[in-house]
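The sequence and structure are shown here for reference.

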Amino acid sequence: MTAHMTASSPCITGWNHSQFGKLDGIDPEALIGQVAKAAIEHAGLTPEDIGSIHIGTFNGGFLYQDFPSSLVFNTLPELRFKPAVRVENACATGSAAIHSGMQSILSGQAKHALVIGFEKMTELATPQVGEVLLKCCYAKEEAGIPGGFAGVFGKIAQAYFDRYGDQSDALAAIAAKNHKNGMSNPYAHMRKDFGFDFCRNVSEKNPFVAGPLKRTDCSLISDGAAALILSAADVAKTMQRAVTFRAAVHVNDFLPLSRRDPTRFEAGTLAWQQALKQADLKLLDLSLVETHDCFTIAELLEYEAMGLAEPGQGARAILDGVTAKNGRLPINPSGGLKSKGHPVGATGVSMHVMAAMQASHDAGDMQIPNARYAGVFNMGGAAVANYVSILERVH
């Protein structure tokens, strides 16, 4: 055990991840059941061992079926009568569900908690998806922004460009990096290496979407699910694998963009500072980071929020190769949301599964050699709900 762990510290002891993409003909209920069953088996447990269930989904109108906390019982009836809760925190819903599960472990309510993140987004047409996602904005001021959530980040990108100059090269390099990395991820929605030139230049296949953002700057509308098992450290030490949270931090900010500097993710910065202090590490001690690239401008701002670059200097991190898979701090070796896809409620759980795989040296072709500490930054809205985790393998 590390100095940061107590007998009740939560460890990730098992996981499962569905294919992300346009999953036609797959019932969301069946999808939830599949990942839950496989995660429990991966941890070497049975459904009877699970003490609590935490399901993260945004929904917001993607599906008619709401109130999903007990849906997994239909596939795993052995879970009947267990406490189950649904958690939502916009695009950070998956991480919120993990924190809910962690509280269950830390309080002593459960020795093992099942966490599931899922979303089925492709039932709706793209314009309707945009309308649903805009519910993650401050409706009184931002509901009318053209282009949906892309419009919000288009405004952020334009504000950044106005202050620091045109960053189109950096954004294209981020998109190209993440698509190249996604080629190694068997779960990714889009496994296609587009290259810098395609991402950089406007074309019929890569038009402007909102402000300076092109299609290649935007994450995908995806379906998918991921699940993990959290176990108390005293039982995790007897299990096949255990990945501990060296840090787990959650920071929220104002919802209206008008009350914040849109070119700085201040709450994200605070979350990173708190997490690194909690972990007793420096940023470059990390082996990799899975960060929330819902749009390429978000990843650029996250470089600055995590302390990899000064404000206005984020482009250097990507253009100098620092964040490449073989760079000083690989960012999004999974391909990130850009390539892997962004089924809203599944994303936070997915990111933690990817990071746990890296820390366990179980990430296949995505693996960063000798990975020890894996960082995760998952955010809801434009850096409104901010979660940072730093994972480390115990055994």
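Helices and strands are DSSP runs numbered from the N terminus, a helix having at least four residues and a strand at least two. The model is a predicted one. With that numbering, asparagine 370 is placed in the loop between helix 13 (344-359) and strand 10 (373-380), and this residue has a positive phi of about 60° although it is not a glycine. Most residues other than glycine have a negative phi.

A second case is alanine 383, which is likewise not a glycine and has a positive phi near 60°; alanine 383 belongs to the loop between strand 10 and strand 11 (385-393). What are the relative accessibilities of asparagine 370 and alanine 383? Asparagine 370 has 71% relative accessibility and therefore counts as exposed, whereas alanine 383, at 1%, counts as buried.

Eight of the eight residues of strand 10 are buried, so the strand is largely enclosed by the rest of the structure. Both of its faces are covered, with Tyr373, Gly375, Phe377 and Met379 buried on one side, and Ala374, Val376, Asn378 and Gly380 buried on the other.

Strand 10 pairs with strand 9 (residues 288-291) in parallel through four bridges, and in this pairing glycine 375 of strand 10 is the bridge partner of valine 289. The pairing of strand 10 with strand 11 is antiparallel and extends over eight bridges, among them the one that joins glycine 380 to alanine 385 in strand 11. Strand 10 and strand 11 form a hairpin with four residues between them, and in the turn glycine 381 has a positive phi of about 65°.

Which residues of helix 3 (residues 126-133) are buried? They are Val129, Gly130, Val132 and Leu133. Viewed down the helix axis, the buried residues of helix 3 fall within an arc of 160°, so they line one face of the helix.

That buried set packs against helix 5 (148-164) and helix 13, while Pro127 and Glu131, on the other side of helix 3, are exposed.

## Salt bridges

Side chains of opposite charge can pair when their charged atoms come close. With a cut-off of 4 Å between a side-chain nitrogen of Lys or Arg and a carboxyl oxygen of Asp or Glu, the count comes to eleven salt bridges. One of them joins glutamate 41 to lysine 37, with the closest N and O atoms 3.0 Å apart. Because these two residues are four residues apart in helix 1 (residues 28-42), about one helical turn separates them; lysine 37 counts as partly exposed, its relative accessibility being 39%.

Another salt bridge is formed by glutamate 392 and arginine 246, whose closest N and O atoms are 3.0 Å apart. This pair links distant parts of the chain, since glutamate 392 is in strand 11 and arginine 246 is in strand 8 (residues 243-252), 146 residues apart. Both glutamate 392 and arginine 246 are buried. In the salt bridge between glutamate 123 and lysine 120, where the closest N and O atoms are again 3.0 Å apart, glutamate 123 counts as exposed at 52% relative accessibility and lysine 120 counts as buried at 2%. Lys120 and Glu123 also belong, with Asp223, to a network of salt bridges.

## Cavity and pocket

How many cavities of 30 Å³ or more does a search of the whole structure find? The search finds one, and the space in the largest cavity is about 50 Å³. Its lining includes Cys136, Cys137, Tyr138, Glu142, Phe149 and Val152, together with Leu255, Leu257 and Arg260. Gly381, Ala382 and Val384 also line this cavity.

The largest pocket has a volume of about 790 Å³ and is lined by 32 residues, of which Thr126, Cys218, Ser219, Leu220 and Ile221 lie nearest its centre. Helix 3 and helix 5 are the elements that give two or more residues to the lining of the largest pocket, and helix 3 gives the most, with six residues.

Methods:
Residues are numbered from 1 along each chain as its sequence is written. This is a predicted model: local features need pLDDT of at least 70, side-chain atom pairs count only at pLDDT 80 or more; totals for chains, interfaces and linings use all residues. Side-chain values use heavy atoms; hydrogens and water are left out. Buried means under 20% relative accessible area, exposed over 50%, partly exposed in between (1.4 Å probe, protein chains only). The arc is that of the directions from the helix axis to the C-beta atoms. Contact means heavy atoms within 4.5 Å. Two strands pair if DSSP finds at least two bridges between them. On a 1 Å grid over the protein atoms alone, a cavity is a set of points where a 1.4 Å probe fits but cannot get out, and a pocket is an open set with protein on both sides within 12 Å along at least five of seven lines; lining residues have an atom within 4 Å of a point. Grid points are joined across faces, edges and corners, and a volume is the space filled by probe spheres set on the points.
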